[in-house]
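Dear colleague,

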Amino acid sequence: MGQHTLDGMRPLAGGGPDAGEIRLLTRLFGRVLPQARRELERWTRAARAIPDPHLRAQALASLRFKRFHALGASVFGAQAREMGAFVRFAVAYQTISDYLDNLSDRDRVPGTRLEEDLTLLHQAMIDAVSPSNPASGYYRLHTATDDGGYLPDLVATCREALGALGASGLAPRLLPPAARYARMQALKHLEPHRRAAALASWAGGEASPWPGLFWWEFAASAGSTLGIFALAASAGAPPEQLDRLEAAYVPWVTAYHILLDYLIDLDEDRAGGDLNFVACYPSLDVAARRLRALAGQARRRIEALEAPAFHRLVVHGLTGLYLADAKARAPMLRPVAATLLDEAGSDARALAWLCRWRNPFGQVAEPQPPPAR
């Protein structure tokens, strides 16, 4: 796929937070994040009760080291009509994602049935936003099977919370991004000699509505749950508003989100032999230009939304949160990080400063073991 005319877009004018943004931040830090932390504690207690030691270890590790993902997902509760129900959904859904990511990375079935195993595991991501699918059979091909009901309970909680949100009717909108997420994760965790070609083939077909994207940009977009959370938090909005919301998040906000994550993990993934979508660009200069362009497209579409202040904060928050990480200050990445922060404006720079001083979301990335010597 060729390069799109994304390049050259101008950033929106910067400025401090307005009154609406201040109200959202007050609700976020005063109510949403405290509830999200309580939900995480609830799932931590459930994880400790998992009978199988391997599944228990991976569930607890995901809750400990990736908790910032669930806290970040809960941010959308600041503008949800039913904040409590949304936070229950967001934490449970992101916990499924992080738990399955750990299982896919570290507790894999060997041999020719790997893809089937990964597909069955990630069916939970689809079932969690579908009110009718049976919630079972996820471990049928896996190396361990007895989770004491942990994964089905997470799925059931997502469904209950979506019902309480009045979002059950959103299933036709939520199922496609959930299915894309599940498929991308299954392919991404294949053996190294298979994964890139499989992803390129799949993404090349799926990305046809956005012909300017590289395949790895679409794959990155599919790997973000933010579009699902944005839609769920907007349950009850008129269809035309939901259309505009989808058009802003997919693939623009979602691709930007995951590519920032891969950007700061570039060195770690190279050392560990892991697939990294930013490494697919011919150079870091090209990567920076594309990230700026994706963010610019996202911001332009956000301004067409009914209440853009919150979604503006999401993009600024992604920039500030990821680029506040110490890994973004490595010599190779420092110029890219500075460029992206300058492009995003004063809000993102302020959030980056806040996250360096006292990150309200906790750790950004799971510590990796040192490479073998």
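**Helix packing**

The axes of helix 2 (residues 53-65) and helix 4 (residues 83-106) come within 9 Å and cross at roughly 125°, where axes are lines fitted to C-alpha atoms, for helices over the stretch in contact, and angles run from 0 to 180 degrees between N-to-C directions. Helix 2 is therefore oblique to helix 4, given that angles under 35 degrees count as roughly parallel, over 145 as roughly antiparallel, 65 to 115 as roughly perpendicular and the rest as oblique. Helices (H or I, at least four residues) are DSSP runs, numbered from the N terminus. The model is a predicted one, in which local features need pLDDT of at least 70 and side-chain atom pairs count only at pLDDT 80 or more, while totals for chains, interfaces and linings use all residues. Residues are numbered from 1 along each chain as its sequence is written, and side-chain values use heavy atoms, with hydrogens and water left out.

The crossing of helix 2 with helix 4 is right-handed (the near helix is turned clockwise from the far one by less than a right angle). In this contact (heavy atoms within 4.5 Å), L55, Q58, A59, A61, S62 and L63 of helix 2 meet T95, D98, Y99, N102, L103 and R106 of helix 4. By class, six of these residues are nonpolar, four polar and two charged, with Ala, Val, Leu, Ile, Met, Phe, Trp, Tyr, Cys and Pro counted as nonpolar, Asp, Glu, Lys and Arg as charged, and the others, Gly among them, as polar.

Helix 5 (residues 114-127) and helix 7 have axes 9 Å apart and pack at an angle of about 155°, and they are therefore roughly antiparallel to each other. Helix 5 also passes helix 7 in a right-handed crossing. Helix 5 contributes E115, L118, T119, H122, M125 and I126 to the contact, and helix 7 contributes L175, A178, A179, Y181, A182, R183, Q185, A186 and L187. This contact of helix 5 with helix 7 has ten nonpolar, three polar and two charged residues.

**Cavities and a pocket**

The structure holds two cavities of 30 Å³ or more; on a 1 Å grid over the protein atoms alone, a cavity is a set of points where a 1.4 Å probe fits but cannot get out, a pocket is an open set with protein on both sides within 12 Å along at least five of seven lines, and lining residues have an atom within 4 Å of a point. Grid points are joined across faces, edges and corners, and a volume is the space filled by probe spheres set on the points.

The largest cavity, of about 70 Å³, is lined by P177, R180, S221, A222, S224, G227, I228, V250 and T254. Helix 7 (171-188), helix 9 (215-222), helix 10 (226-233) and helix 11 each supply at least two of its lining residues.

The second largest cavity, of about 30 Å³, is lined by L40, S62, L63, K66, R67, A70, Q94, T95 and D98. Helix 4 gives the most to this lining, with three residues, and the lining divides into three nonpolar, three polar and three charged residues.

The second largest pocket holds about 310 Å³ of space, and of its 17 lining residues Q79, S234, Q241, E306 and H311 are the closest to its centre. Helix 11 gives the most to the lining of this pocket, with four residues.

Best regards
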